Amino acid sequence: MASEFLQLHVRGTGNAPRGILECPGRRLRCTLGRGGVRADKQEGDGATPAGSWPLRRVLYRPDRVPPPETALPVEQLTESDGWCDDPRDAAYNKPVRLPYPASAEEMWRPDRLYDIVVVIGHNDDPAIPGLGSAIFMHLADPDGKATAGCIGLALSDLTDLLRHCGPGTRLIVEP
């Protein structure tokens, strides 16, 4: 398992929510946020944040997929995993255990979108309330629907991509 991709470039195609993820030797179709790509990302705007972001870790559903091969840290999701999206809460843009008293996204979803989730280091060091939460790279909707601000890829593309990613990999998102 190599860690050869140091930069992944994501660009919109002008045909929202379609995008292209480029890395050495590959051009992959992806879906982007329903709010487009924005440098001034705000909570709830549905936009994919423009910028250069580290990849933090990979989460996966062990009942649906095997652990992805990658040099990134890998963790199993559980039915009680959530992600706080309430800017007023101290756990904003952090993983939480459900049920949680503030608003939190369920990570163990009935659809397959979060079967593999790459946590992107957007607004997490430190998290600033209101600048966006739960920005991930995850599986694309099979009907090509926009994400809520994340980057969606086909299962085969995401698992292949992860084989080449490691702690130094950066995701560069451009409008």
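Author: Gladly. This is a predicted model. Leaving aside neighbours within four places in sequence, L55 is in contact with L8, L72, V118, V119, I120, M137, C165, T169 and L171.

Reader: Where is L55, and why is L55 called buried?

Author: L55 belongs to strand β6, residues 51-60. Its relative accessible area is 4%. Buried means under 20%, so L55 is buried.

Reader: How do you know whether K41 is buried or exposed?

Author: By the same cut-off, under 20% for buried and over 50% for exposed. K41 has 6% relative accessibility, so K41 counts as buried. K41 sits in the loop between β4 (37-38) and β5 (48-49).

Reader: What does the side chain of K41 reach, and what makes that a polar contact?

Author: The side chain of K41 reaches the backbone oxygen of A47 at 3.0 Å. The limit for a polar contact is 3.5 Å, so this pair qualifies. K41 is also in contact with residues including H122, L131, I135 and A148.

Reader: Which backbone atom lies 2.7 Å from the side chain of D81?

Author: The backbone nitrogen of T78 lies 2.7 Å from a polar atom of that side chain. With a limit of 3.5 Å, the pair of T78 and D81 is therefore a polar contact. D81 is in strand β8, residues 81-84. At 12% relative accessibility, D81 is under the 20% cut-off, so D81 counts as buried. Among the residues that D81 touches are V96, R97, E105 and W108.

Reader: How many disulfides are there, and how do you know that C23 is in none?

Author: The count comes to 0 disulfides. For C23, the nearest cysteine sulfur is that of C165, 7.3 Å away. A disulfide needs two cysteine sulfur atoms within 2.5 Å, so C23 is in no disulfide. C23 counts as buried because its relative accessibility is 8%.

Reader: Which residues lie nearest the centre of the largest pocket?

Author: C150 is one of them, together with R34, E105, T147 and A148. The lining has 26 residues. By class, 9 are nonpolar, 8 polar and 9 charged. The volume of the largest pocket is about 370 Å³.

Reader: What makes the peptide bond from L98 to P99 cis?

Author: Its omega is near 0 degrees. P99 is placed in the loop between β9 (95-97) and β10 (104-106). The peptide bond from D125 to P126 is cis too, with omega near 0 degrees. P126 lies in the loop between β11 (116-120) and β12 (136-139).

Reader: What is phi of N93 near, and where does N93 lie?

Author: Phi of N93 is near 60 degrees, a positive value in a residue other than glycine. N93 lies in the loop between β8 and β9. N93 counts as buried because its relative accessibility is 6%. A134 has a positive phi as well, near 55 degrees.

How values were computed:
Residues are numbered from 1 along each chain as its sequence is written. This is a predicted model: local features need pLDDT of at least 70, side-chain atom pairs count only at pLDDT 80 or more; totals for chains, interfaces and linings use all residues. Side-chain values use heavy atoms; hydrogens and water are left out. Helices (H or I, at least four residues) and strands (E, at least two) are DSSP runs, numbered from the N terminus. Buried means under 20% relative accessible area, exposed over 50%, partly exposed in between (1.4 Å probe, protein chains only). A polar contact is a pair of N or O atoms within 3.5 Å; within protein, one must be able to donate a hydrogen and the other to accept it, and residues adjacent in sequence count only if both atoms are side-chain atoms. Contact means heavy atoms within 4.5 Å. On a 1 Å grid over the protein atoms alone, a cavity is a set of points where a 1.4 Å probe fits but cannot get out, and a pocket is an open set with protein on both sides within 12 Å along at least five of seven lines; lining residues have an atom within 4 Å of a point. Grid points are joined across faces, edges and corners, and a volume is the space filled by probe spheres set on the points. Ala, Val, Leu, Ile, Met, Phe, Trp, Tyr, Cys and Pro count as nonpolar, Asp, Glu, Lys and Arg as charged, and the others, Gly among them, as polar.
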